[in-house]
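Here is a briefing on the structure shown below.

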Amino acid sequence: MNVRVKAFARFREIIGSENTLQLNEGTPVIDALKTLSAGSLDFRDACFDKEGNVASHVVLMINGKRISSKDREKVVLHDGDELAVFPPVAGG
Amino acid sequence: MLTRSEQDRYHRQILLIGEEGQEKLKSARVVIAGAGGLGCPVATYLAVAGVGHIRIIDHDTVDRSNLNRQILFWDKDIGLAKTWSAGEKLKSINPDIEIDAVQATIDDKTAPGLVRDVDAIVDAMDNYPARYLLNHLACTFGIPLFHGAIRGFDGQVTSIIPGKTACLACIFPEAPPIEIFPVIGVTPGLIGMIQANEVIKYLLGTGELLTNRLLIWDGLRSSIETIQVERDPYCRECSHLYNDGVMREKLK
């Protein structure tokens, strides 16, 4: 299946604004992000914490709907999904 | 009643919003939390629009490294209190409004008394702990919160009406790591102006606010996107404001 990954802010600078991943049907979101990390250590360092979990502040959305913190480890992707990854900015 | 001076000063926007709209701005009280890269353009544009009472809060003094973005401060102001310097400029740019420049650190002791009597709170902070405090107070007192944040060429804006829309903790439950953020001055300039525009629309009761939407500015591509966001029924800050909300205590 194909999944489109849309990146924002600093993630966009690292991996570009859009990537299409070819994955097995039902791949967990975290595995899709690990696939992207395999191609970019900078993305891995920005997106994951030291324990290998998606960093808690990173906002994840599938087809425009936010994945809640408690669901982010178990949600899976389907063909045609758009996964958005957004690191909130903090400065003022 | 608008004075003759005010009728002249605001003539070009009275064409748009009428004297009635101008009166709404004149009678409004807005607090701007932070006189930095965001606070400077927000304060400037709310002042020239004629928002009648502007309270701007900061604890810092002007440093030379502020001057690439904090446009209310000039080279001659280095070393002065930001609130003093901002107050002086804002009073000069519009003597028909009241400026209340408060030298204070925004914390859980000072903030409640500084925000509870206003119509709108502008989040012009540079860190999430202070933002979460403003969000908490906005939800506690039922005051709209206008959030903006920036880094580098990137920015984000959203508007929060407590009890009706997603709050800051619904959208960003966890704070990003603290860093000395890089920034080009245009980014907070643009984001601050969008915040000011949101405040003006809210005070006038016109247009569509950026509620339940997060506006994302990408300055490197000159693109703006808005993404839908929604209330978290388990939100630690605002779930108690809703009948369908689930109090965190109940989950424990």
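The points below are grouped by topic.

This is a predicted model: local features need pLDDT of at least 70, side-chain atom pairs count only at pLDDT 80 or more, and totals for chains, interfaces and linings use all residues. Residues are numbered from 1 along each chain as its sequence is written, while chains are lettered from A and ligands numbered from 1 in the order in which they are written.

**Chain A: fold**
- Chain A has 3 helices and 5 strands (DSSP runs: H or I, at least four residues, for helices; E, at least two, for strands; numbered from the N terminus).
- From the N terminus, the order is β-α-β-α-α-β-β-β.

- The C-alpha atoms of chain A fill a box of roughly 40 × 25 × 25 Å along the principal axes.
- Of the 92 residues in chain A, 29% are buried (20 or more other C-beta atoms within 10 Å of the residue's own, with C-beta atoms placed from the backbone).

**Contact between chains A and B**
- Chain A gives 18 residues to the contact and chain B gives 30 residues (C-beta atoms, placed from the backbone, within 7 Å).
- On the chain A side, helix 1 (9-15) and strand 3 (59-62) each supply at least two residues.

**Nonpolar core**
- The largest nonpolar core has 91 residues (buried Ala, Val, Leu, Ile, Met, Phe, Trp, Tyr and Cys joined through C-beta atoms within 7 Å).
- Helix 8 (residues 186-204) of chain B gives the most to this core, with 7 residues.
- B:Ala43, B:Ile54 and B:Val122 have the most contacts inside the core.
- Beyond neighbours within four places in sequence, B:Ala43 contacts residues including B:Ile32, B:Ile54 and B:Leu90.

Technical notes: Buried ≥ 20, exposed ≤ 12 C-beta atoms within 10 Å, placed from the backbone. Contact = placed C-beta atoms within 7 Å.
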